[in-house]
Amino acid sequence: MRHRIPAAAAACATMAVLTAVPGLAQTAAVSKGGRVEKSSFGTTKDGQAVDLYTLTNAKGVVAKVITYGALLTELHVPDKSGMMADVVLGFKTLDRYESDHPYFGATIGRVANRIAKGRFKLGGQEYALAANNGPNHLHGGLRGFDKRVWKAQPVSTGGVPAVRFTYTSADMEEGYPGALTATVTYTLTHANELRLEYTAVTDKPTIVNLTNHSYFNLAGDGQGTILDHELTIMADRFTPVDDTLIPTGEIASVRGTVMDFNRATPIGARIAEVPGPAPGGYDHNYVLSHGGGVLAMSATVRDPKSGRVMDVLTSEPGIQLYTGNFLDGTLTGKAGVAYQRHAGFCLETQHFPDAINHPNFPPVVLQPGRTFKSTTVYRFSAR
Ligand code: GLA
């Protein structure tokens, strides 16, 4: 949805509404222009209360996150003339998130992306997970972290709005060994950065790979396809896949191929030539040139119409570029518009798909006593 209100005025208008209607939402932190408000987002089918946290920074940028799936439902950022738009796909109501949907905005775990045939070995033991994506395991299984209600706690510091979400996944939940406690902290800085910081600890050796599955459209939710968005990915290599989207194990060069986004290129420019199974499009893991381990620039996307720019910085070694290939018009989003193919793109920062079955990929095993840590920043500007 678009609002014809410049960013600063939008911030003031929202504040006025809150003053006029006390008790509408709980304001957990107000200082230096940033704030966090908590309100109800309804109740799940099995009776769990779900809360919505609204983070607003000093510039009027707004991020909304619900405790169901620690899921980003809205993200309002300005274009080059200061006009705000919600740049993520999603729904208005909880029942839609509880129904079948392709992970809009959700936190993904315990292991993001695919595990071949749902099988892996750890500590000499073989584990079998649900095959919920053809023959393979995808995004944590039948009821992954995206379908769980997380605990939330506002953790704003110095007027910078932030909320930490926590979920404890029981030993053998979805077939994974070890009780794992995961946190994801959403921080909305005054520099228009949405910062996602993940941690995880376990009581037995396990595997973990956390990401966020937001679908972005920098022209605004429901504003057509993202095929004209100009994309740069700082990656010389990618992990080629088989017909079921499992990596072959090869780490191949992107140079001279349709996979190469080292120079800003419209997403749609070569999309019809991307090799792979129907319906085609990009659904590939890039091997980031910075190698992971420290937070570094990894990708940039610009919408030529609005001028909105999103930089992606991550400490992860990989990024899955997914161009909404499976959207087919059957889901209608917040703006009342049916999501057609390529209505949004995802840049899922991650360890490589099926890493546990590929010794040459960066490892995803977490040992007790160690803390998994990962940071991804989505930084917005306009030009
Ligand atoms: C991921 C996968 C895609 C698809 C989407 C959800 O990004 O890589 O193949 O399953 O999730 O539709």
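The model is a predicted one, in which local features need pLDDT of at least 70, side-chain atom pairs count only at pLDDT 80 or more, and totals for chains, interfaces and linings use all residues. Residues are numbered from 1 along each chain as its sequence is written, and side-chain values use heavy atoms, with hydrogens and water left out.

A nonpolar core here is a set of buried Ala, Val, Leu, Ile, Met, Phe, Trp, Tyr and Cys residues joined through side-chain atoms within 4.5 Å. Buried means under 20% relative accessible area, exposed over 50%, and partly exposed in between, with a 1.4 Å probe and protein chains only. The largest such core has 59 residues, and L75, I233, Y286 and L347 have the most contacts inside it. Strand β15, residues 180-188, supplies the largest share of this core, namely five residues. Strands, like helices, are DSSP runs numbered from the N terminus: at least two residues of E for a strand, at least four of H or I for a helix. Apart from this core lies another, of 24 residues, including V50, L52, Y322 and L327.

What does L75 contact, leaving aside its neighbours within four places in sequence? Its partners include V62, A85, L194, F216 and F380, where contact means heavy atoms within 4.5 Å.

I turn now to the sheet. Five strands form an open sheet in the order β21-β20-β23-β26-β27, with antiparallel pairing; two strands pair if DSSP finds at least two bridges between them. At the edges are β21 (252-253) and β27 (346-350), each of which pairs on one side only. Between β26, residues 318-322, and β27 there are five bridges in the antiparallel sense. Y322 stands opposite C346 in β27.

Next, consider F372, which is placed in strand β29, residues 372-382. Is F372 buried or exposed? F372 counts as buried because its relative accessibility is 11%. Beyond residues up to four places away in sequence, F372 touches Y198, T199, A200, V208, L210, E316 and L366.

Finally, the ligand. It is surrounded by 13 residues, the closest being R114, H139, H213, D283 and E348; a residue is near if one of its heavy atoms lies within 4 Å. A polar side-chain atom of R114 lies 2.7 Å from a ligand oxygen atom, and an N or O atom in the side chain of E348 lies 2.8 Å from an oxygen atom of the ligand. Taken alone, the ligand exposes 310 Å², of which the protein buries 95%, with areas from the Shrake-Rupley method and a 1.4 Å probe.

How values were computed:
A polar contact is a pair of N or O atoms within 3.5 Å; within protein, one must be able to donate a hydrogen and the other to accept it, and residues adjacent in sequence count only if both atoms are side-chain atoms.
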